[in-house]
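Here are my notes for someone opening this one for the first time. Have a look at the entry below, then read through the points in order.

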Amino acid sequence: MDDRMETVVAGVALKNPVITASGTFGSGREYGELIDLDCLGAVTVKGVSCEPWKGNPIPRIAETQSGMLNSIGLQNPGVEHFIEHDLPFLRQHDTKIIVNICGHTLAQYCAVAERLADCDVDMLELNISCPNVEEGGLAFGTAPRMVERVVQAVRHYTGQPLAVKLSPEVTDITEIARAAVSGGADALSLINTLRGMKIDIHRRRAVLASRTGGYSGPGIMPVALRMVYEVCKTVDVPVIGMGGIATFEDALEFIMAGAAAVAVGTANFHNPYATVEIIEGIRGYLEENDIASLDKIRGIVD
Amino acid sequence: MNTYYKAAIRNQKELMPGIWKMELEAPEIAHSARPGQFIQMYPPDERNLLARPISLAAIHGESVEVVYRVVGKGTEQFPRLRDNDTVQLMGPLGDGFTLPEAGERSVIIGGGLGIPPLLELSKRIPGEAEVFLGYADAPFMDGDFRGHGRKVHVASQTGNGGFRGTVLELVETIAPFADRVYACGPRQMLQAVAEWAGRQGIPVQVSMEERMACGIGACLGCAVKIQKPGEKDWQYLRVCRDGPVFSGREVVWNG
Ligand SMILES: Cc1cc2nc3c(=O)[nH]c(=O)nc-3n(C[C@H](O)[C@H](O)[C@H](O)COP(=O)(O)OP(=O)(O)OC[C@H]3O[C@@H](n4cnc5c(N)ncnc54)[C@H](O)[C@@H]3O)c2cc1C
Ligand SMILES: Cc1cc2nc3c(=O)[nH]c(=O)nc-3n(C[C@H](O)[C@H](O)[C@H](O)COP(=O)(O)O)c2cc1C
Ligand code: FES
């Protein structure tokens, strides 16, 4: 293990700061046929709900300038399937496991957290960008009081390290970050996708069946970086930064903005070796510049 | 086994206006690929983040052939590539066609750019197979199927090259006997073929298309509604991993 690269997030020691972003990497099985999963700091798995979710109608994918839109609709086979099939697979690998969890009601979030409480996972990541069906479909992550409530509720059911994944679709990200921390978050991850749209002018209709979808990829990086920077200045918990990271230079920008670790999502689609190359690139940068640990540059931008 | 690497281009040529054939020096892919599998081709312009899924039209010893139509921002970049230029590829991907049992008779039905993905299948079917190809106008690649001794029937919307009408109308006119049906083409055609085969009780394999991001089964972008026999509800499966070939009877066509 390379000490320079070691990163501790909410008490979990990662061998390096590079994590996969939820929903872009499945449970690692498919990318594991190309890359060595053991070299990753952690794998964050696709959102898991208490019951299976079917997901959204097709088309679910659209390419855009500098990124892409998705409306997968959090399709997943449910927490029981995850525990039975995916967790044992991931556990064979020498990497940390972060389970992204989702729900449409407070009770659904709590049920997943409770089911996972005794399982061998390293961290939960609470996706609060889901629509709250009890509140007319407004996303949990948009109102500070709702954020605090859902984090508190989940906190009650789990002793595992708890990261809360913030939506950028808010007026003031720092206010939401504070609400999550006061609800009991041990770490924050940001950003989730921005809502976007693409229209096929020849067919004169939206490309995505659900009309709009989550925008990700290089185009969102400046926004993500600004939000990570602001949040790191506001709260004391570690931040997992993500949004458009495709190279080690991108990752270092997030770390210099204050991120404890980074997650790589859409870049995996463009280059399945993106995570591996980013890890090598960060290591090379530290060596070349004779930097003894990531702490020396973390949050260095004032 | 799936691989990700840059392959050199050989013999790129335009078969028809807007339809190109390209040979790729890709031994790793050629050695393990099966008919019906596809590759992800990355457009050279890095601003196009997502790869384009293209089927393998032919698998040789050390190379593979693809035939593609120039559609939009990604595929329009490929004709500019010259011999010895390289292109980033991933593959082979997906599950291919299941070949017939010994003694079974096959019918192969292709429409438009659904025709090239059937060529290698047609070559590898050991027994009898009759081929039906449907075009908008002038036929292409029909000679490649005749080249390995298949009986080929051609239909086109304009009557160019033989029968005027849809490929299924031609199939219904000739009413071939079949133990197995293989089809690739536009969704509407596949649905019509699946219904026709269903009425006769013939098993039918269809190769489906859907928009992809990862191409390997991780993102769930390329969903298709499938209802397995004995299951009370449909589910979304992945075209890139669980397909692209599915049983025509299991595809939920409407909705
Ligand atoms: C398994 C599979 C095999 C295929 N095999 C062939 C083949 O052998 N020859 C051939 O000409 N075409 C094939 N296609 C269709 C081909 O992938 C599209 O025509 C191509 O992606 C269009 O890209 P573009 O950049 O030109 O179009 P754009 O419209 O600019 O593409 C925008 C985005 O939409 C996607 N997209 C657009 N049309 C399709 C489509 N029909 N299917 C899937 N994604 C699409 C693109 O990949 C890209 O991500 C196949 C598709 C699939 C899923
Ligand atoms: C196809 C796709 C699926 C995603 N699924 C999830 C998910 O299940 N849960 C979640 O919290 N975020 C999900 N995300 C968001 C990513 O984890 C990440 O926050 C976002 O894409 C920004 O990072 P990127 O630009 O590196 O992709 C998804 C993103 C994509 C592109
Ligand atoms: S394209 Fe990602 S699952 Fe098929």
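1. Which residue forms a salt bridge with Glu280(A)? Arg283(A) does, and the closest N and O atoms are 3.1 Å apart. (A salt bridge here is a side-chain nitrogen of Lys or Arg within 4 Å of a carboxyl oxygen of Asp or Glu.) The two residues sit three apart in helix 8 of chain A, so about one helical turn separates Glu280(A) and Arg283(A). Glu280(A) is partly exposed at 44% relative accessibility, and Arg283(A) is partly exposed too, at 22%. (Buried means under 20% relative accessible area, exposed means over 50%, and partly exposed is in between, with a 1.4 Å probe and protein chains only.)

2. A word on what you're looking at: this is a predicted model, where local features need pLDDT of at least 70 and side-chain atom pairs count only at pLDDT 80 or more, while totals for chains, interfaces and linings use all residues. Residues are numbered from 1 along each chain as its sequence is written, chains are lettered from A and ligands numbered from 1 in the order in which they are written, and side-chain values use heavy atoms, leaving out hydrogens and water.

3. In chain A, start with the closed barrel: eight strands in the order 3-4-7-8-9-10-15-16, with parallel pairing. The twist from one strand to the next averages 25°. (Strands are DSSP runs of E with at least two residues, helices are runs of H or I with at least four, both numbered from the N terminus; two strands pair if DSSP finds at least two bridges between them.) For one pairing, look at strand 10 (residues 187–190) and strand 15 (residues 239–242) of chain A, parallel over three bridges. There, Leu190(A) is opposite Gly241(A) of strand 15.

4. Helix 3 (residues 144–157) of chain A lies across strands 7, 8 and 9 of chain A, at about 155° to strand 9. (Axes are lines fitted to C-alpha atoms, for helices over the stretch in contact, and angles run from 0 to 180 degrees between N-to-C directions; contact means heavy atoms within 4.5 Å.)

5. Which residues of helix 6 (residues 248–256) of chain A are buried? They are Asp250(A), Ala251(A), Leu252(A), Phe254(A) and Ile255(A). Their cover includes helix 5, strand 15, strand 16 and helix 8 of chain A. Just past helix 6 of chain A, Gly258(A) has a positive phi of about 125°.

6. Chain A also has an open sheet of four strands, ordered 5-6-14-11 and paired antiparallel. Its edges are strand 5 and strand 11 of chain A, each pairing on one side only. Strand 11 is joined to strand 14 (residues 212–216) of chain A by four bridges, with Met197(A) partnered by Thr212(A). Met197(A) is partly exposed, at 47% relative accessibility.

7. Now chain B. Strand 1 (residues 3–16) of chain B pairs antiparallel with strand 7 (residues 86–93) of chain B over six bridges, and Ala8(B) has Thr86(B) as its bridge partner. Strand 1 of chain B is also antiparallel to strand 2 (residues 19–25) of chain B, again over six bridges. In that hairpin, two residues lie between the strands, and Gly18(B) takes a positive phi near 85°.

8. Is strand 10 (residues 151–156) of chain B enclosed or open? Five of its six residues are buried, so the rest of the structure largely encloses strand 10 of chain B. Strand 9 (residues 129–135) of chain B pairs with strand 10 of chain B in the parallel sense over six bridges, with Phe132(B) and His153(B) as bridge partners.

9. Back to charges. Side chains of opposite charge can pair when their charged atoms come close. The count over all chains is 26 salt bridges. Among them, Asp295(A) and Arg298(A) have their closest N and O atoms 2.4 Å apart, and Asp295(A) is exposed at 56%. In chain B, Glu120(B) meets Lys123(B) at 4.0 Å, N to O. Glu120(B) is buried at 4%, whereas Lys123(B) is partly exposed at 38%. Salt bridges with shared partners also link Glu30(A), Arg238(B) and Asp242(B) into one network.
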